[in-house]
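Please look over the sequence and the structure shown here before reading the briefing that follows.

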Amino acid sequence: MNPEEELPVQEEQPELEPPLYTCETVLNVQAQQEASEALTPKYMKYIVYVCLGLFAVMFALLLWSYLADRQTTNLVLALLVLAVGVYLGYRQLTAPKKLMQQWEESMRKNYGTDALHLLTEFYRFSVAQTLKENNDVLVDSYTDLLALRETEHLFLLKKGRGNWYFLAKDGLKNCSADEFRTFISERIGGK
């Protein structure tokens, strides 16, 4: 080796600062259902009840009209209103379960598992979430976060229309749920 030949100098990589908090979350059908129930607007339940009530009133009026006039048209309409009302009530009871079955089938098809494993890391200026099944990483600044919702077992951070970070309360590391709630509330929207 010639003394004139210099070895390439390796630049030192700056060490990344460790996350302030981390959270490991298992996103399964139970977590998805809990989040769906929490994120469905409360007025939707009341709209369904009002519609079912209107169908009941329409059925009663048409049946009463049939009994008073003996017009078969009123009986046919009463039975039609009853059938539509029963169908809507049935859909209201079975739709959430069917949606969760479809979600679970989609997870099996796309990832080969019933549950996704998420690692969320909270840094000074950003949040990063890694999907362990395929090592996809999503990074956002706190200014991208719009709202915090909370359920019994989850923190839900709204990123945009229909996009949420799911965080298991029991998966939080380095902090309690109360400490995390304070931490994230101070940063949502880039506060």
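How many residues does helix α2 have, and how far does α2 reach from its first C-alpha to its last? This is a predicted model, in which local features need pLDDT of at least 70 and side-chain atom pairs count only at pLDDT 80 or more, while totals for chains, interfaces and linings use all residues. Residues are numbered from 1 along each chain as its sequence is written, and side-chain values use heavy atoms, with hydrogens and water left out.

**Helix α2**
- Helix α2, residues 42-69, has 28 residues and reaches 41 Å, close to the 40 Å expected at 1.5 Å a residue; helices here are DSSP runs of H or I with at least four residues, strands are E runs of at least two, and both are numbered from the N terminus.
- The expected span is 1.5 Å times one less than the number of residues in the helix.
- F55, L62, S65 and Y66 of α2 are buried, meaning under 20% relative accessible area with a 1.4 Å probe and protein chains only, and the buried residues of α2 pack against α3 (72-111).
- R70, which follows α2, has a positive phi, near 60°.

- L172 lies in strand β8 (residues 172-173) and is buried, with a relative accessible area of 10%.
- Not counting residues up to four places away in sequence, L172 touches T22, C23, F155, A177 and F180, where contact means heavy atoms within 4.5 Å.
- The largest nonpolar core has 16 residues, of which F122, L145, L157, F180 and I184 touch the most other members; such a core is a set of buried Ala, Val, Leu, Ile, Met, Phe, Trp, Tyr and Cys residues joined through side-chain atoms within 4.5 Å.
- α4 gives the most to this core, with three residues.

Note on methods
Buried < 20%, exposed > 50% of the residue type's maximum accessible area, 1.4 Å probe, protein only.
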